[in-house]
Amino acid sequence: MSQVDSRPDRMPRHIAIIMDGNGRWAQLRGLERNEGHRAGLESVRDTVRAAGELGIDCLTLYAFSSENWNRPKEEVGELMRLLEYYLDEELEEAMEKGVRVRAIGRLDRLPPSTRAAVQKAVEATKHNGELDLIFALSYGGRTEITDAARRLIRDAELGHIDPDQLDEKTFSSYLYAPDVPDPDLLIRTGNEYRVSNFLLWQIAYTEIHTTAVMWPDFRREHLERAIADYQARERRFGRTPGQVAADGGEEPSG
Ligand code: IPE
Ligand code: IPE
Ligand code: MG
């Protein structure tokens with residue numbers, strides 16, 4: 001039975017997930033790490049399906065970090081291959097369910113076949129509107145902010161931006177996916193309590209749920225548990241509890 005309050009105004013609009021624990025899941029079973037990555041694909045399928053059914057607008061999945069390039073070549077290769085396989089395999093269901101596939105990160109570093117698979121899925125699903133499924137690939141939060149700063153400086157040099165007028169809203173318009181609202185809920189599986197360079201700008205006021213469940217074991221019930229946990233929180237955005245009650249729980253605008 002789901003403990004989730006499914007009223008739309010109570011649901012997180014954007015959920016971001018650090019899918020961690022594939023390697024340890026495999027090692028505990030005496031398997032190769034790559035077996036854990038393979039098993040994790042089923043968790044991705046189940047989670048994407050559940051997010052769509054629960055009416056979530058955006059789901060961002062941390063699939064490969066900038067730092068993950070330092071892993072052994074065979075593991076990186078398998079992760080890329082699995083991503084290509086997933087995107088190809090799931091395209092039909094994405095079209096049926098109205099899933100719009102997107103990607104954030106330094107895609108220029110991906111092998112050509114992976115980049116092509118991503119581009120194909122993004123292009124084919126670009127008019128879908130039920131769920132934005134955003135893969136963070138070759139993604140690092142500091143690189144995203146640095147890339148934004150670089151483009152911003154160029155625009156300032158061209159006179160399109162006045163440094164004295166620069167504010168957070170303008171800055172965030174230079175990030176990889178400026179139209180996507182900040183995550184309401186960040187889930188990290190795999191019993192770790194760190195951010196690992198994920199969405200550093202965007203998680204300023206995100207609620208964090210961590211679980212010891214390893215990613216290959218993560219299923220709809222765990223997603224629902226995380227949402228129920230989120231719904232039990234009071235998001236104060238710096239205000240006092242009394243102010244929050246008076247404002248009806250709305251996020252302050254200024
Ligand atoms: C998450 O699982 C998958 C990626 C980082 C790509 P890990 O591979 O990090 O698994 P652990 O943390 O070593 O168990
Ligand atoms: C974070 O997991 C990156 C992804 C889930 C893609 P890691 O396993 O790479 O993170 P650290 O190294 O434990 O911080
Ligand atoms: Mg890990």
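User: What makes the pair between arginine 71 and ligand 2 a polar contact?

Analyst: A polar side-chain atom of arginine 71 lies 3.3 Å from an oxygen atom of ligand 2. A polar contact is a pair of N or O atoms within 3.5 Å; within protein, one must be able to donate a hydrogen and the other to accept it, and residues adjacent in sequence count only if both atoms are side-chain atoms. The 3.3 Å pair is within 3.5 Å, so it counts.

User: What kind of model is this, and how is it numbered?

Analyst: This is a predicted model: local features need pLDDT of at least 70, side-chain atom pairs count only at pLDDT 80 or more, and totals for chains, interfaces and linings use all residues. Residues are numbered from 1 along each chain as its sequence is written, chains are lettered from A and ligands numbered from 1 in the order in which they are written, and side-chain values use heavy atoms, with hydrogens and water left out.

User: Which residues surround ligand 2?

Analyst: The set includes Ile18, Tyr62, Phe64, Ser65, Arg188 and Arg194. Each has a heavy atom within 4 Å of the ligand, which is what near means here.

User: Why is arginine 71 called partly exposed?

Analyst: The relative accessible area of arginine 71 is 30%. Buried means under 20%, exposed over 50%, and partly exposed in between (1.4 Å probe, protein chains only). The 30% falls in between, so the label is partly exposed. Arginine 71 lies in the loop between β2 and α3.

User: What does arginine 71 touch?

Analyst: Arg33, His37 and Val76, not counting residues up to four places away in sequence. Contact means heavy atoms within 4.5 Å.

User: Which side chains have polar contacts with ligand 1?

Analyst: Arginine 71 again: an N or O atom of its side chain is 2.7 Å from an oxygen atom of ligand 1. Aspartate 20 has a polar side-chain atom at 2.8 Å from a ligand oxygen. For arginine 33 the value is 2.9 Å. The protein covers 87% of the 380 Å² of accessible area that ligand 1 has on its own. Residues around ligand 1 also include Met19, Asn22, Arg24, His37 and Leu79.

User: How do you know that α2 has the expected length?

Analyst: Helix α2 (residues 33–53) has 21 residues. The expected span is 1.5 Å times one less than the number of residues.

User: What covers the buried residues of α2?

Analyst: Covering elements include β1 (14–18), α1 (22–28), β2 (58–65), α3 (73–97), β4 (131–139) and α7 (220–231). Among the buried residues are His37, Leu41, Val44 and Val48.

User: What span should α3 have, and where does α3 bend?

Analyst: Its 25 residues should span 36 Å at 1.5 Å a residue; the end C-alpha atoms are 35 Å apart, so the two agree. α3 bends by about 50° at leucine 91. The bend is the angle between axes fitted to the seven residues ending there and the seven starting there. Leu91 is one of the buried residues of α3, as are Glu78 and Leu79.

User: Why is asparagine 191 called partly exposed?

Analyst: Its relative accessibility is 39%, so it counts as partly exposed. Asparagine 191 has a positive phi too, of about 60°.

User: How do you know whether glutamate 168 is buried or exposed?

Analyst: The relative accessible area of glutamate 168 is 63%, so the residue is exposed. Its place is in helix α6 (residues 168–172).

Methods: Helices (H or I, at least four residues) and strands (E, at least two) are DSSP runs, numbered from the N terminus. Accessible areas come from the Shrake-Rupley method with a 1.4 Å probe; for residues, only the protein chains shown count as cover.
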